[in-house]
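These are notes for a colleague who is opening this structure for the first time. Please read the numbered points with the model in view.

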Amino acid sequence: MTDLVVRNARLLDRDDLVDLVADDGRWTQVGPDLAVDAEREIDAAGRLVTAPLVDCHLHLDASLTAGRPRFNASGTLIEGIHVWGELKESLTVDDVYERAKEIVRWSAAQGTLYIRAHADVSAKNEAPVRGLLRLRDELADLVTIQVTAFPQDGLYSDPRNEGLFERAIELGVDCLGGIPHYEPTAELGLAEVHRVFDLAARHKRRIDVHCDETDDPASRFLEVMADDTVRHGLSGRVTASHCTAMGSYEPYYSSKLHGFLRRAGINIVVNPFANSLIQGRLDPYPKRRGFAQLKELLAAGVNVSLGNDVIMDPWYLLGRADMVEAASLALHFTYMSGLDEIPEMLRCATERGARTLGVEDEYGIEEGKPADCVVFDAPSALEVLRLHPARRWVVRRGRVIAETEPSHTTLLGEPVTFRPPL
Ligand SMILES: [Zn+2]
């Protein structure tokens, strides 16, 4: 008797339906019509089943603080940073932990079982990083969380900040972050990038820097990150997040940059919720979109993934921790609407995210890998991106951890399915 079998699953990369068998937390068999008895049997009935969704960028320390101590009236990135600055020194570890835990519950219930979180370490208060490290360790059986030390105010805007950043390394963060475009001068931004790489190499941590999150086409720290990645031999271990200035780069520089990024093996993370509202905001019409060049980066062989970034916080009043919504929004802003491009968007929210986090060896629906999956209440990536369907079941380490009953609508007593008639 095995632990679990998921019958009649449709996978992204094959046409026939397969059964997925889990035992002791790992997939033991994947194939059609498998003769096994299991403690728990689920019939996916032709629904799409993928490995878990991956949220590559989430400011969990700020989630659910919208309105504390006041709302962001202008909607700009800068006012959001100021509002957050008014709150963060007063946060407690318990407050950070409880709010972040609630968002992790929302995430897991919708099939997101991997999250890279950012903890602000430029507060003179260790509550953000301590709260998220506690969350990572206590919820490890439910969701795999990586914590990034994020110096929201820069490393050099205050003489104490560099020490606070190094203190977060001692406390045990997984990744080192940065924000070079927010340093007082471009020279200090360059110094920050080099410092982050030196520390990451010395302490053997991954890197995930907020890079060029601006509409300024002269903000070009990404090329410096690419060069430092090659110099330190850190290919695959470095991520640049947001990179919205790329939406204002002209074609010649863009194509040159794509080559640098591919050569360096850097991951790029697009965060569609906040950046669709913040970037281009101060432009007169026509307004810029302010997104990293997702479609062109994929074509150039650069790994791109996605994040929720902000949920009910000083930057964004909305959000419900759904990576399918993030993929759908990014699809629209980056023109990824072709028949073959839509499944690729779902890969940006799943397997490409796993590559960004560096967990790909223990991720995927393959024999021997951890038995994690999401059963979408839809048969294809196209239908997932169109309908944002319920996650019918979510499986973690061979155990069903979440179930959702799909909603049911009637019109004049007749069912409405939002699907074309057969
Ligand atoms: Zn961010």
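1. Leucine 412 is exposed, because 5 other C-beta atoms lie within 10 Å of its own. Leucine 412 sits in the loop between β17 (409–411) and β18 (414–416), and its phi is near 50°, a positive value in a residue other than glycine. Helices (H or I, at least four residues) and strands (E, at least two) are DSSP runs, numbered from the N terminus.

2. The model is a predicted one, in which local features need pLDDT of at least 70 and side-chain atom pairs count only at pLDDT 80 or more, while totals for chains, interfaces and linings use all residues. Residue numbers start from 1 along each chain as its sequence is written.

3. Aspartate 33 also has a positive phi, about 50°, although it is not a glycine. The loop between β3 (26–31) and β4 (38–43) holds aspartate 33. Aspartate 33 counts as exposed because it has 10 C-beta neighbours inside 10 Å.

4. Where are the cis peptide bonds to check? One joins arginine 68 and proline 69, with omega about -10°. Proline 69 belongs to the loop between β6 (53–58) and α1 (77–88). Another cis bond runs from tyrosine 285 to proline 286, with omega near -5°; proline 286 is in the loop between α8 (272–278) and α9 (294–299).

5. Is aspartate 61 buried or exposed? With 30 other C-beta atoms within 10 Å, aspartate 61 is buried. Aspartate 61 lies in the loop between β6 and α1. Leaving aside residues up to four places away in sequence, aspartate 61 touches Val96, Ala100, Ala119, Asp120, Pro128, Gly131 and Leu132; two residues are in contact if their C-beta atoms, placed from the backbone, lie within 7 Å. Aspartate 120 is 59 residues from aspartate 61 along the chain, and their C-alpha atoms are separated by 7.4 Å.

6. Eight strands form an open sheet with parallel pairing, in the order β6-β7-β8-β9-β10-β11-β12-β13. Its edge strands are β6 and β13 (303–306), each of which pairs on one side only. Two strands pair if DSSP finds at least two bridges between them. Strand β10 (residues 206–211) and strand β11 (residues 238–242) run parallel and are joined by five bridges. Aspartate 208 has threonine 239 in β11 as its bridge partner.

7. Helix α5 lies across β9 (175–176) and β10, and runs at about 165° to β10. Axes are lines fitted to C-alpha atoms, for helices over the stretch in contact, and angles run from 0 to 180 degrees between N-to-C directions.

8. The axes of α5 (residues 186–203) and α6 (residues 221–232) come within 10 Å and cross at roughly 30°. The two helices are therefore roughly parallel to each other, a term for angles under 35 degrees. Their crossing is right-handed, that is, the near helix is turned clockwise from the far one by less than a right angle. Gly189, Leu190, Val193, His194, Phe197 and Ala201 in α5 meet Phe221, Val224, Met225, Asp228 and His232 in α6. The residues of this contact divide into seven nonpolar, three polar and one charged; Ala, Val, Leu, Ile, Met, Phe, Trp, Tyr, Cys and Pro count as nonpolar, Asp, Glu, Lys and Arg as charged, and the others, Gly among them, as polar.

Note on methods: Parallel < 35°, antiparallel > 145°, perpendicular 65-115°, else oblique. Buried ≥ 20, exposed ≤ 12 C-beta atoms within 10 Å, placed from the backbone.
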